[in-house]
Amino acid sequence: MQIEYISAFDVVVGVLWRFWPVWVALVLVMGVSFAYKKKLGLYGQLFDSGVGIAGVGICLFWLFTAIFASTISPFDPLAQVSIMKDTLPGAIEPTSKLIYYFGGDKLARDVFSRMVYGSQIVLIIAPAATGFALMVGITLGLPAGYYGGKIDTVLSFLANLVLAFPVILLFYLLVTPGIMDTPIPYAMAGLFFLFPIIFFSVLFWTRYKNRPDRLYILLGLTLVVGGWIYVGLVFDKDPLKIVHIDPNQLNIFVAVVFASSPGVFRIVRGLTMDIKTRDYVAAAQTRGESPWYIMLWEILPNARGPLIVDACLRIGYTTILLGTLGYFGLGLAPESPDWGTAIKDASRLLRSFIHPALPPTIALMSFVLGLNLLADSLREQSMKD
């Protein structure tokens with residue numbers, strides 16, 4: 001059967017049209033953000049520079065792409081139509097008359113749909129794993145920097161021990177298929193996923209211990225919601241079947257948290273050692289505030305600028321790392337539409353067909369670029385503060 005094609009101009013117009021929900025959401029969010037930027041704090045300050053606007057725009061583009069992936073994509077990312085194998089961009093699928101805008105890959109899957117759905121995997125794993133790494137690093141870095149002494153010595157030694165290990169080799173060891181047959185990933189997940197519950201419990205306790213009416217509500221919500229997420233992620237026993245993570249993704253999640261936490265720890269420790277000498281910390285100590293109150297409500301808010309910048313950069317590093325693992329066939333399932341796996345599959349036929357490799361490569365590059373621009377703008381704003 002002869003495959004028909006549309007023109008390059010129609011491909012461009014068609015792709016832009018497929019992203020219509022993203023454009024609508026971008027216009028609404030960016031318009032409202034720009035109009036009320038003076039009331040939006042640090043986020044609003046990003047719209048004072050072209051770099052900040054570009055960074056926010058690119059990151060929001062991929063966020064909305066992940067949210068509206070099912071609307072944007074004309075095909076299922078795993079669907080195979082044998083006649084569409086290695087078709088060029090603009091090929092028309094004979095049965096449905098839908099278009100393979102970026103062509104077909106070696107397994108006759110739509111490259112455009114796989115690129116779109118690949119954003120979901122990146123935007124689920126990278127920010128969430130970075131968030132958990134921040135929780136671990138902050139919870140351990142604050143007491144290490146504030147108390148010093150033996151606590152600092154022990155925690156710093158453990159952090160340096162992990163940092164001394166080559167990152168790529170560490171990830172290779174943690175995401176190999178054999179490790180999934182052992183209880184190691186689940187034991188590590190059980191430990192790391194406790195830190196957010198501990199962090200927020202202590203946060204609310206130190207703030208509202210003299211206001212039991214509010215304290216009990218916040219602690220109850222923390223324990224119920226945290227316990228629900230914990231049971232779903234670690235034991236896959238969510239009674240509502242909402243919280244779930246595949247074993248392959250859990251491996252990557254744990255590996256990212258384990259490798260990133262020491263770096264966050266060192267940043268928080270250094271910031272705490274600097275900030276604890278400030279006058280407002282001495283004033284809090286004079287008022288008789290507890291050490292954990294001072295750490296969480298005096299020191300941590302004043303360290304938010306560098307931590308937010310570091311979080312943006314770490315999400316970018318994690319995105320690149322996910323792509324690297326996918327390229328080497330580690331972690332995620334072989335049929336996964338993540339960008340790294342797509343690049344790996346396409347790279348084997350680069351001499352014959354280059355078009356399947358370009359969309360996931362450009363997507364990965366643009367998302368990391370947006371995060372770096374966002375981090376640069378946040379760094380400038382934190383320096384002003």
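Predicted model: local features only at pLDDT ≥ 70, side-chain atom pairs only at ≥ 80, totals over all residues.
## Overall form

The protein contains 17 helices and 3 strands. Its C-alpha trace extends over about 80 × 55 × 40 Å along the principal axes. The radius of gyration is 23 Å, which agrees with the value near 21 Å that would be found for a compact globule of 385 residues.

Of the 385 residues, 51% count as buried. Among contacts between residues at least 6 apart in sequence, 72% join residues at least 24 apart.

## Surface and charge

The protein exposes about 19100 Å², and carbon and sulfur atoms supply 68% of this area. Its charged side chains comprise 28 positive and 25 negative ones. The centres of these two sets are 6 Å apart.

## Cysteines

A disulfide is a covalent bond between the sulfur atoms of two cysteines. A search of the whole structure finds 0 disulfides. C59 takes part in none, and the nearest cysteine sulfur to it belongs to C312, 7.1 Å away.

Helix α14 covers residues 291-299, and its buried residues are Y293, I294, M295, L296, E298 and I299. The list includes the acidic residue E298.

## K344 in helix α16

K344 is placed in helix α16, which runs over residues 339-347. Is this lysine buried or exposed? K344 counts as buried because its relative accessibility is 13%, under the 20% limit. Apart from residues up to four places away in sequence, K344 touches G326, Y327 and G329.

## A79 and A108

A79 is located in the loop between α5 (69-72) and β2 (91-92). With a relative accessible area of 29%, A79 is partly exposed. When its neighbours within four places in sequence are left aside, A79 is in contact with A108 and R109. A79 and Y147 are 68 residues apart in sequence, and their C-alpha atoms are 57 Å apart in space.

A108, one of the residues contacted by A79, is found in the loop between β3 and α6. A108 is buried, with a relative accessible area of 4%. Its phi is near 65 degrees, a positive value in a residue other than glycine.

## K97

K97 lies in the loop between β2 and β3 (99-100). The phi of K97 is positive, at about 65 degrees, although this residue is not a glycine. Its relative accessible area is 56%, so K97 is exposed, whereas A108 is buried at 4%.

Definitions and conventions. Residues numbered from 1 in each chain as written. Heavy atoms only, no water. Disulfide = S-S within 2.5 Å. Helix = DSSP H or I, 4+ residues; strand = E, 2+ residues; numbered from the N terminus. Buried < 20%, exposed > 50% of the residue type's maximum accessible area, 1.4 Å probe, protein only. Contact = heavy atoms within 4.5 Å. Rg over C-alpha atoms; globule rule 2.2 N^0.38 Å. Areas by Shrake-Rupley, 256 points an atom, 1.4 Å probe, with all protein chains shown as cover. Charge placed at Lys NZ, Arg CZ, Asp CG, Glu CD.
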